[in-house]
Every structure is written in C-alpha cells, then in structure tokens.
Amino acid sequence: MDETFMVPFVVFKEPVGKWYIASSPLLDVVTQGATPEEAVANIRDVIALYLEDPHTEKPSLHSLE
C-alpha cells in the first residue's frame, strides 16, 4: 500500500540574480526556476524522482516525521 506524506520545501529568490531556488532540506534536494511557479513544479518533480529512484538511499518515514 502506498503512503502519502507531505515533504516540506522552501522557495526563495536569489539575492543576486534572476532565479528562484526551491529546496527540500529534509531530503537534501534543490532545483531552480525562472518563476516561483516553475521552481515549485521543478521541486515537486525532483522530489518524485528522488523517491522513485531505487539506488538513492532514503531516510525512513519515521525519521521524516
């Protein structure tokens, strides 16, 4: 049975530059986008790919709670 859980992430604008950075410190993944919406879409994709990859060591659900 698949479990659903929320993975927190933050989006912020580079202090110097034009990119919006999206980061999930809990999973140690990061991406960027030209707009906040693009950064959010990208981090959702990155999180999904991270969780699907069988070769990437992942934290336990217990440690994420």
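**Exercise 1. How many residues lie between S1 and S2 in their hairpin, and which residue in the turn has a positive phi?**

Solution. This is a predicted model, in which local features need pLDDT of at least 70 and side-chain atom pairs count only at pLDDT 80 or more, while totals for chains, interfaces and linings use all residues. Residues are numbered from 1 along each chain as its sequence is written, and side-chain values use heavy atoms, with hydrogens and water left out.

Step 1. Helices (H or I, at least four residues) and strands (E, at least two) are DSSP runs, numbered from the N terminus. The protein chain holds two helices and three strands, in the sequence pattern β-β-β-α-α.

Step 2. Six residues separate S1 from S2 in the hairpin, and Gly17 in the turn has a positive phi of about 140°.

Step 3. The two strands pair in the antiparallel sense over four bridges; two strands count as paired if DSSP finds at least two bridges between them. In this pairing Lys13 stands opposite Tyr20 of S2.

**Exercise 2. Determine the order of the strands in the sheet and which strands stand at its edges.**

Solution. Step 1. The sheet is open, with the order S1-S2-S3 and antiparallel pairing. S1 and S3 (29-33) are the edge strands; each has a single partner strand, so one side of each is left without a neighbour in the sheet. From one strand to the next the twist averages 25°, with axes taken as lines fitted to C-alpha atoms, for helices over the stretch in contact, and angles running from 0 to 180 degrees between N-to-C directions.

Step 1. S2 (residues 20-24) and S3 are joined by five bridges. Partners across this pairing include Ile21 with Gln32, Ala22 with Thr31, and Ser24 with Val29.

Step 2. The hairpin of S2 and S3 has four residues between the strands, and Asp28 in its turn has a positive phi of about 60°.

**Exercise 3. Find whether Ser24 is buried or exposed, and what its side chain reaches.**

Solution. Step 1. Ser24 lies in strand S2 and is buried, because its relative accessibility is 0%.

Step 1. The Ser24 side chain reaches the backbone oxygen of Pro8 at 3.0 Å.

Step 2. Beyond neighbours within four places in sequence, Ser24 is in contact with Val7, Pro8, Phe9, Val29, Ile43 and Ile47.

Step 3. Val7 sits in the segment before S1 (10-13). It is 17 residues from Ser24 in sequence, and their C-alpha atoms are 7.4 Å apart. Val7 is itself buried, with a relative accessible area of 15%. Residues up to four places away aside, Val7 touches Ser24, Leu27 and Ile47.

Terms used:
Buried < 20%, exposed > 50% of the residue type's maximum accessible area, 1.4 Å probe, protein only. Contact = heavy atoms within 4.5 Å. Polar contact = N/O pair within 3.5 Å; in protein donor to acceptor, adjacent residues only side chain to side chain.
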